Protein chains: 2
Amino acid sequence: MPVHAAPNALFTALPDPTRRAICERLSRHGEQTVHILTDRASVSLPAVSKHLGVLRRAGLVRNRREGRHTHCRAEPDGLAPLIDWMSLYGAFWRERFGRLEALLNRMDP
Amino acid sequence: MPVHAAPNALFTALPDPTRRAICERLSRHGEQTVHILTDRASVSLPAVSKHLGVLRRAGLVRNRREGRHTHCRAEPDGLAPLIDWMSLYGAFWRERFGRLEALLNRMDP
DNA sequence: CCGATCCATAACGATATGGTTATGGGATGC
DNA sequence: GCATCCCATAACCATATCGTTATGGATCGG
């Protein structure tokens, strides 16, 4: 099992709409440079750059530098702490995730 | 009362550790009065009261008044927007939640 | 070599957030 | 009736968050 970022960094990263938009774009369109992300965002480049730092520390985004370009990609595993927390939340979800886990284990070993 | 609160209210409610602790306690121990929650929390009663307001607006907690006591209980359905958002995030989780959806449809119609 | 481009960081201001104490209203007990 | 308990809200303060502009380092094109 992979080591997860501190859950608090993840929870703190999610409320900002600009950050969620960045996550959604990266998940839909794959790797994007900071420049492209800035063009699509409604804020300045320094703002995007800082948001990316927050997302990287939360484990949701990974950077790959290539020359003067920085390519960013989504890191789905970073969502794991969310699943962990939700699984604690109550019988409703715990039961369903427990069964899901069993199903997944049977289906793809 | 809306079926689901705005997703942003949910995302905004989660980062605070005191609020998450309240959610965890309610999910583990069932209904609790504000007074009990305050005793277990590390902050004052007004703080707890305001946190409960945030959680209620996020759809995570529901109140039931009985005399001078206010009983609070967890509302697992409030987590649905979180699932919705994660299902957009990437192939990894989308695939798993697709299976979850199918499983749930078979399990409880 | 030189200007332009991509990006990160610093510095700063406006607003949001989370805590406190103070106040008050409604329910309960004596 | 009156004090007490439970809770919500108001008022206020400290800090965090999120935006901006300014600056600079690194890289590429010509």
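1. Let me start with the charges: there are eight salt bridges over all chains, a salt bridge being a side-chain nitrogen of Lys or Arg within 4 Å of a carboxyl oxygen of Asp or Glu. Please keep in mind that this is a predicted model, in which local features need pLDDT of at least 70 and side-chain atom pairs count only at pLDDT 80 or more, while totals for chains, interfaces and linings use all residues. Residues are numbered from 1 along each chain as its sequence is written, chains are lettered from A in the order in which they are written, and side-chain values use heavy atoms, leaving out hydrogens and water.

2. Helices (H or I, at least four residues) and strands (E, at least two) are DSSP runs, numbered from the N terminus. A:Glu66 joins A:Glu31 and A:Arg64 in a network of salt bridges.

3. How accessible are these side chains? A:Arg64 is partly exposed at 36% relative accessibility, and A:Glu31 is partly exposed at 34%. Here buried means under 20% relative accessible area, exposed over 50%, and partly exposed in between, with a 1.4 Å probe and protein chains only.

4. Glu75 is worth a look in both chains. A:Glu75 forms a salt bridge with A:Arg73 at 3.5 Å between the closest N and O atoms; A:Glu75 is buried at 17% relative accessible area, while A:Arg73 is partly exposed at 34%. In chain B, the salt bridge of B:Glu75 is with B:Arg62, at 3.1 Å. That pair links strand β2 of chain B with the loop between β3 and α5 (80-89) of chain B, 13 residues apart.

5. Now for the sheet in chain A: three strands form an open sheet in the order β1-β3-β2, with antiparallel pairing. β1 (32-33) and β2 (61-66) of chain A are at the edges with a single partner strand each, so one side of each has no neighbour in the sheet. Strands count as paired if DSSP finds at least two bridges between them. Six bridges join β2(A) to β3(A), residues 69-74, and two join β1(A) to β3(A). Among the bridge partners are A:Glu66 with A:His69 and A:Thr33 with A:His71. The hairpin of β2(A) and β3(A) has two residues between the strands, and A:Gly67 in the turn has a positive phi of about 60°.

6. The side chain of A:Arg19 does reach the backbone oxygen of A:Ala13 at 2.7 Å. A:Arg19 also touches A:His51, A:Val54 and A:Leu55, among others, not counting residues up to four places away in sequence; contact means heavy atoms within 4.5 Å.

7. Lastly, the overall layout: chain A has six helices and three strands, following the pattern α-α-β-α-α-β-β-α-α along the sequence. Buried residues make up 41% of its 109 residues.

Note on methods
A polar contact is a pair of N or O atoms within 3.5 Å; within protein, one must be able to donate a hydrogen and the other to accept it, and residues adjacent in sequence count only if both atoms are side-chain atoms.
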